Amino acid sequence: MRVQLSINGETHEADVEPRLLLVHLIRDVLRLTGTHIGCDTTHCGACTVLLEGRAVKSCTMFAVQANGKSLMTVEGLEQNGKLHPLQEGFMDQHGLQCGYCTPGMLMTSYAFLDRHPAPTEDEIRVAISGNLCRCTGYVNIVKAVQHAAAALHEGAAR
Amino acid sequence: MIPAAFEYHAPDSLDDATALLARLGDEAKILSGGQSLIPLMKLRLSSPAHVIDINGIPGLSYIREVDGVLAIGALTRESELEESEIVRQRYPLLHDTCKVIADPLVRNLATIGGNLAHADPANDHPATMLALGVELVARGPSGQRRIPITSFFTGPFETTLGLGELLVEIRVPAPAPGSGGAYLKFERKVGDFATAAVATQLTLRGDGTCEQAGIALTNVGLTPIKAVSAENVLRGNRLDDPTIARAAESAAEAAEPIADLRGSVAYKRDLVRVLTARALRKAIARAQGRR
């Protein structure tokens, strides 16, 4: 089946089998390997991408379902050589250890901050509860998201 | 993990979808949110020859209160229910429920219709809908029919939906004044199925006695269980501590859990007792206007 979709503002086309998972289209066909495959069983969220602005697990969607849709992956965060405040936050606050969960954490947090620009710590913890960090680095991940929320707030105020 | 090959159909109308379903019968599965179906297909526990994706059918996603009924389109996402102001304010039992299903990412795709039609006894909406006493609307090749929720679940992963029939709407009776509800779920971690969960919905009279009571249980039987005897303990009575304790014990007796990694039979039964009492207290507080 022919599918056409937009990823990070760029249009892609591919000929896919209906059973091809979205994450495999993104990684193996389109070679955008920033999106990770973790558990492959809808638990860990390493494969999180944005579908029409909503964070979803791309291992639990068929590529054909994304036909005509607009997606964003972790590669879309950096703009004109400048890291997104979330990426800065993860660096500054040591929000990653092995880094495997990071693309998913970033994408979930991105969609979350978009809707909740001034979150409490509890709200952040609930928001990332579908993303597992097996280094258990949640304390610094929460700090990184708070860092980004503050930076985005400052940016918006300026 | 790669699912078995299948033929993909994306009908753009209900008529096309029901015609396809009727033609393909057991060979076809409906793809709604896909958050149960796709994991099952990846594990090859389900290998349908045809997948009918209903996400492109317009008009199946809505939440609106009309003429004393909250009508919810079957394709409404759990996250949409969670964010709905009317659900949050007027249907606390439903709001409680959609917040604890799987995790926030899964809820962005998972649908209320899928949660019910999949009929997994571990799913959360079935008990909630039994406690609320909802009516379901099914659409088939020969038209539409309404199904009371009490006759919908016939076994694990089995419903009364017939050949070619599709669940299209959930109709929740609007709460009478003095109503309140609560859903309490005990899970080992976010995203897990319930070890046990209890849905309660109450309507209190001005004198504090119970006019209407709905109690139903998640994941402690082959189907969701409506704890009718526990409801009868409450109806007509003042909801004091001894009455709540008797209803909770009655709900525990109605549970038919099996022992598994989540706990023993005795443990789960007692969990139902404790959760029922707590959920009833929460429902009473809400019915009295105390959140």
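**A tour of chains B and A**

Select helix 5 and helix 8 of chain B, where B:L93, B:L94 and B:T97 of helix 5 meet B:H125, B:T128, B:A131 and B:L132 of helix 8. By class, the residues of this contact comprise 4 nonpolar, 3 polar and no charged. The model on display is predicted.

Keep both helices selected and turn to their axes. Helix 5 spans residues 92-99 of chain B and helix 8 spans residues 125-132 of chain B; their axes come within 10 Å and cross at roughly 175°. Because angles over 145 degrees count as roughly antiparallel, helix 5 of chain B is roughly antiparallel to helix 8 of chain B.

Next, display both chains together. Here 21 residues of chain B are in contact with 23 residues of chain A. On the chain B side, the elements that give two or more residues are helix 2 (37-42), strand 3 (50-53) and helix 6 (104-107). Helix 6 of chain B gives the most, with 3 residues. The side of chain B that touches chain A has 14 nonpolar, 5 polar and 2 charged residues.

Now move to chain A and select helix 2, residues 85-92. Which residues of this helix are buried? They are A:P85, A:L86, A:G89 and A:F90. Seen down the axis of helix 2 of chain A, these buried residues fall within an arc of 140°, so they line one face of the helix. An α-helix has 3.6 residues a turn, so residues three or four places apart point the same way.

Terms used
Residues numbered from 1 in each chain as written. Chains lettered and ligands numbered in written order. Predicted model: local features only at pLDDT ≥ 70, side-chain atom pairs only at ≥ 80, totals over all residues. Axes fitted to C-alpha atoms, helices over the stretch in contact; angles between N-to-C directions. Helix = DSSP H or I, 4+ residues; strand = E, 2+ residues; numbered from the N terminus. Parallel < 35°, antiparallel > 145°, perpendicular 65-115°, else oblique. Contact = placed C-beta atoms within 7 Å. Nonpolar A, V, L, I, M, F, W, Y, C, P; charged D, E, K, R; others polar. Buried ≥ 20, exposed ≤ 12 C-beta atoms within 10 Å, placed from the backbone. Arc of directions from axis to C-beta.
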